[in-house]
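Colleague: I would like a close look at one part of this model. Please take me through it step by step.

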Amino acid sequence: MWVLLLLPFVGLLWVPFYNFAEPSLFGFPFFYWYQLAWVPISSLLIWLVYRRRTPDETP
Amino acid sequence: MADQIEWVSLSVFIFFFALVTVMGFFAARWKAGPVSEHLDEWGLGGRQFGTWITWFLVGGDFYTAYTVIAVPALVYAVGAYGFFALPYTIIVYPFVFAVMPLLWKVAHANGHVTAADVVQGIYGSRGLELAVATTGMVATMPYIALQLIGMGVVIKTMGLTGEWPIVLAFIVLALYTYSSGLRAPALIAFVKDIMIYIVVLVAVVVVPSKLGGYGAVFAAAGDAFAAKGGATGLTLKPAQMLPYASLALGSALAAFMYPHTLTGIFASKSADTIRKNAVLLPAYTLLLGLIALLGYMAYAAHIKVDTPNDVVPALFKTLFPSWFAGFAFSAIAIGALVPAAVMSIGAANLFTRNVWKSYVNPGISHAGEAAVAKIASLGVKVGALAFILFLPTQYALDLQLLGGLWILQTFPALVFGLFTRWFRAEGLLLGWAAGIGWGSWTAWSNGLKPLASIDLGGVSYVFYVGLGALVLNIVVAAIATVIVGLILPNRQSAPARS
């Protein structure tokens, strides 16, 4: 599961993946909506890992 | 443009400023605790902040007022390249999720208040402790100064001239931080963050509808960049891709090494609080991405400014009624108070625990620690204020840039020890020195640009100098660890980790 945490790094740090204007969405060039889309995606990925981890011993 | 005083804006501004001032002083009684009796109370708010308070507090002090001014300013000036703040503030959260709960556990189990405490606890090295503490304090000062700059920009837009409004605002801030400690910014962060959310959500809906939609906004900015030429545009030039990615990665690794962000971590109630926040904090990143677009909206609105930093205030002043502009300016100015308060508290904690307690008065009581920290927080703020009043603004900007590169060099000392005891303190100290030395020298000799270049096989690669310095830091630390291990095979016993 922890490997999911690496996906945002891959998706965002390899810039040639997304450095273009088309296809645009709601007037946003691809470069912008692609990166903005990673915000909820990363949140979701972290939440998935959070749910599957074994809980802490009580502090 | 700062010719006449905007009374309506200014009245709204003064109302909100007065409101948070009252809250700041009231905060000492909030979540009752004896603020002056223990540094955990003054400096960490009693280590009791749950998910929501932590969300507001860390959101309020990580996404600073300066960000609200500077990111759109950079986007306005250069286009796509200025957006590196977006990937940076996304990838920081998987890192926070994986590492910060471990750091919290070590700190909580041993009563550590600062990063340097944790390092001293793991390695038992006074030298490494001092290196981490000094780096934290030095990197924080110019950061506080930048918050003042952010505040100054909006105050100027409302027509107030001279330095006294900032001085006054800062005295008020210093006083309630002194009396309430971390509880003050934690409480004020609620107001600040809600105001910023309102401002940005209104702006990203209303502004494009006035300007003909997002398509028109991007088109106007694209035309402006085409006319401007150079390394600007709506997408990155090929030569900008590696700088963009390395700035994002380096900034993300540095972000939670700063005393102010770590203070938010250490003040949390549990490791789970931090994990939940790694899921929830990206909401602010969405906000930041939208704020960055204000830089493009300025082109569509035909805003003309003397310096890019005026873009956001000028946009609000032009497109909104003055009461809403006043609300927006209050949000930005209050947005400066929260991080400035947390930064001064973080630096004061470092001074108290890792300089005063370690070198001046090892037998200090808990109440004594709180007293020293309160005074130190005043000293830090006066220092930042003097910085702004007496030195050129550019110094603060340059030093903040260097500060990011310096604080990143504390990463191996603080983070590696959470996972492995292989590295030795001597190695980490040497790596820290190498990273700081090479990084500062490289940035300095490039005219304080954050980029360095390296030639490999005839191709020149340009990257963020801080990240290069971190790689050097780790390599030196590893080599030195091996060499010290050969000379002194018997590792001197460090205090055991719990």
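How many residues of chain A are in contact with how many residues of chain B?

Modeller: This is a predicted model. In it, 26 residues of chain A are in contact with 32 residues of chain B. On the chain A side, two helices each supply at least two of the touching residues: helix 1 (7–13) and helix 2 (30–52). Helix 2 of chain A gives the most to that side, with 10 residues. Sorted by class, the side of chain A that touches chain B has 20 nonpolar residues.

Now the loop between helix 1 and helix 2 of chain A. A:Pro23 sits in this loop. The peptide bond that joins A:Glu22 and A:Pro23 is cis, with omega about -5°. A:Phe26 lies in the loop between helix 1 and helix 2 as well. Its phi is near 50°, a positive value in a residue other than glycine. Both features deserve a second look, because most residues other than glycine have a negative phi, and most peptide bonds are trans. A:Phe26 counts as exposed because it has 9 C-beta neighbours inside 10 Å, and the cut-off for exposed is 12 or fewer.

B:His302 has 10 other C-beta atoms within 10 Å, so it is exposed.

Terms used:
Residues numbered from 1 in each chain as written. Chains lettered and ligands numbered in written order. Predicted model: local features only at pLDDT ≥ 70, side-chain atom pairs only at ≥ 80, totals over all residues. Contact = placed C-beta atoms within 7 Å. Helix = DSSP H or I, 4+ residues; strand = E, 2+ residues; numbered from the N terminus. Nonpolar A, V, L, I, M, F, W, Y, C, P; charged D, E, K, R; others polar. Buried ≥ 20, exposed ≤ 12 C-beta atoms within 10 Å, placed from the backbone.
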